[in-house]
Amino acid sequence: MCGIVGYTGAKLAAPVLLEGLRRLEYRGYDSAGICVGRDGALTIVKRTGKIKDLRGAVPDLPEGSYGIGHTRWATHGGVSDANAHPHADCTGKITIVHNGIIENYASLKEKLLGEDHVFRSETDSEVIAHLVESVYDGDLERAVKEALALLKGTYGIVVMHSEVPGKIVGARNGSPLVLGIGEGEMFLASDVTAMMAYTKQVVYVEDGEVVTVDPGGFRTSDLKDNSITKNVEQIGWELEEIEKNGFASFMEKEISEQPESILRAMRGRLDAEQATGHLGGLNLSSKELLEIERVKIAAAGTSYHAGMVGAYLLEAMARIPAYAELASEVRYRNPIVEPQTLHFVVSQSGETADTLFAMRELKRKGATVLGICNVVGSTIARETDGGVYIHSGPEIAVASTKAFTSQITVFYVFALLMARMRNMSFEEGSDLVRDLDAVPRLVAEILEDKATIQALARKYSWAKDFLFMGRGINYPVALEGALKLKEISYIHAEGYSAAEIKHGPIALINERTPSLFLIPDDRLRDKIISNMKEVKARSGKVIAVCVRGDDEVAGIADDVILVPKVHELVYPFLMVVPLQLFAYYCALDLGRDVDQPRNLAKSVTVE
Ligand code: F6R
């Protein structure tokens, strides 16, 4: 989703801003722009399209040592040069970039038009520049605060004024903003990746805070001008982790990293001696863990599918009633918070608005909410009562892959911990520790067989529609496989419980609608085989992901992808990887931009 950068220091600002925006490209955007200040004048350059288009269109970048930049993902107003940020006030002396949505922009705009302000875009964001203009009296920070007090909605903003060279004011309410501290230079960005090439010292700006920077330092305060002291933190990621490192795309890199990322998610958390799990950040005593009678999980997209697997693991291992829900639904359903219920929110980015707002609603009603996040210092990670980092390293490709397998790793460890405190024997716990421990090696084996999956993708990428079928713990994996395929290849795909197809979806089956069946050798295998036969009987083509040596399935399906035989609770780790690769290779075959699929954003910070 939209990205923000700001720079003030001794360097030429434009290249720093463009490099920062390039690092934010992965978030998804449709236009980009920068504004650079020099000698009391501001120059704006903005265009629809990619950063390279912006660079190509303006070979002589504006000179100056402070500026702001933005990648826009359209919400209010179409994709056009005029709607791209930065936006200026009437005089051209004040410029702003904004992430988020200003809900009362229409009434503010009407009032400002009545005061003869001239608007040049259809965006909600532009009102901010005009509001600052209307109250500015020589003190930019104060004017920004006065303007913000009039806004309803969410924002991460940075603002500059030609009369105060080198000064940039940033503020946050519901949209991330981070300050980076360099030697005689300061950075502002919506995401640390934009500044990692220059500094690792950061300050996370909180909702309701305003930060004013110049090359020599910064000041944080609230809207009522009370000063706030902030902790300077160190970014834990290395620059090379946000590079492709020889891979054709971030998605391929991230799929390939899964043996290590799964290992990182379980490292130090599996206790073979006691046959249990350890999770340090839960902030719950053994007594409190024992008192939990129910678990509810809220998340969006891929993280929701991981939550569904997590709920299954908790019920299967620990016999605790658990279910996952879409975060976007939780918030508006006026959720019932019951005693002895533990809530989880799951989010790779830790910034997804639906998940964040669901978490706040649950906390407001007294729930204990734990987070399972990847991005350290993200809003959800900071606002939850405790939680677990998955330690996947940066996930840059828009389609989430390694985060999913790490999220389910954490759920597996949590379920094991809860199970061993309750019903599960030492022997059973030991088996489950051993089974999870083997997963990184087994995933590496599957990845070695990429060529088979690539060949299958070539064979089937003609399809306009695809069905994915799984049951039990692999039902969410079928949903995830369908999501991956549709988001990066644009092939329409749906996931179903294999048992459900006879209740409707079977009407779609014909020789032009292939199906992919997940068939582990578990209790439901024979039933899924019957469902597969029903599809074959209606001329449907079938790919089966099944266990090596399952000749019966291989004899029925048109094509097979083979995975090792494992404990039934471990199949999601192994079944999802071929589906990620299948989607990836279909997308490549169709010439899609796998890392930045159309219309999508990495971190969905608006509702
Ligand atoms: C799909 C995908 C999205 C995200 C969803 C939640 O590949 O990436 O469905 O899973 O937007 O994002 P997080 O996990 O950051 O809350």
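Trainee: Let's start with arginine 319. Is it buried or exposed?
Mentor: Arginine 319 is exposed, because its relative accessible area is 61%, over the 50% cut-off. Keep in mind that this is a predicted model.

Trainee: Where does arginine 319 sit?
Mentor: Arginine 319 is in the loop between α9 and β18 (322-326).

Trainee: And what about phi of arginine 319?
Mentor: Phi is near 55° there, a positive value in a residue other than glycine. Most residues other than glycine have a negative phi.

Trainee: Still on the backbone: which residues does a cis peptide bond join?
Mentor: Histidine 85 and proline 86, with omega at about 0°. Proline 86 belongs to the loop between β4 (66-72) and β5 (87-88). Most peptide bonds are trans.

Trainee: How many residues surround the ligand?
Mentor: 14 residues do. The closest are Ser303, Ser347, Ser349, Thr352 and Glu487.

Trainee: Which side chains have an N or O atom 2.5 Å or 2.7 Å from an oxygen atom of the ligand?
Mentor: For serine 303, the side-chain N or O atom is 2.5 Å from a ligand oxygen. For serine 349, that distance is 2.7 Å. The protein buries 91% of the 400 Å² that the ligand exposes when taken alone.

Trainee: On to charges. How many salt bridges does the count come to?
Mentor: The count comes to 46 salt bridges.

Trainee: What does glutamate 361 pair with?
Mentor: Lysine 365, with the closest N and O atoms 2.4 Å apart. Glutamate 361 counts as buried, at 13% relative accessibility. Lysine 365 is partly exposed, at 33% relative accessible area.

Trainee: And what does lysine 111 pair with?
Mentor: Glutamate 115, with 3.2 Å between the closest N and O atoms. Lysine 111 is exposed at 55% relative accessibility. Glutamate 115 is partly exposed at 41%.

Trainee: Which residue meets aspartate 550 in a salt bridge?
Mentor: Arginine 525, at 2.8 Å from N to O. This pair links distant parts of the chain, 25 residues apart. Aspartate 550 is in the loop between β25 (542-547) and α19 (551-556), while arginine 525 is in helix α18 (residues 525-536). Both residues are buried.

Trainee: Which residues are linked in a network of salt bridges?
Mentor: Glu19, Arg22, Arg23 and Glu243.

Trainee: Last one. Where is cysteine 35, and is it buried or exposed?
Mentor: Cysteine 35 lies in strand β2 (residues 31-38). It counts as buried because its relative accessibility is 0%, under the 20% cut-off.

Trainee: How many Å separate the C-alpha atoms of cysteine 35 and glycine 156?
Mentor: 17 Å, and the two residues are 121 residues apart along the chain.

Technical notes:
Residues are numbered from 1 along each chain as its sequence is written. This is a predicted model: local features need pLDDT of at least 70, side-chain atom pairs count only at pLDDT 80 or more; totals for chains, interfaces and linings use all residues. Side-chain values use heavy atoms; hydrogens and water are left out. A salt bridge is a side-chain nitrogen of Lys or Arg within 4 Å of a carboxyl oxygen of Asp or Glu. Buried means under 20% relative accessible area, exposed over 50%, partly exposed in between (1.4 Å probe, protein chains only). Helices (H or I, at least four residues) and strands (E, at least two) are DSSP runs, numbered from the N terminus. A residue is near a molecule or strand if one of its heavy atoms lies within 4 Å of it. A polar contact is a pair of N or O atoms within 3.5 Å; within protein, one must be able to donate a hydrogen and the other to accept it, and residues adjacent in sequence count only if both atoms are side-chain atoms. Accessible areas come from the Shrake-Rupley method with a 1.4 Å probe; for residues, only the protein chains shown count as cover.
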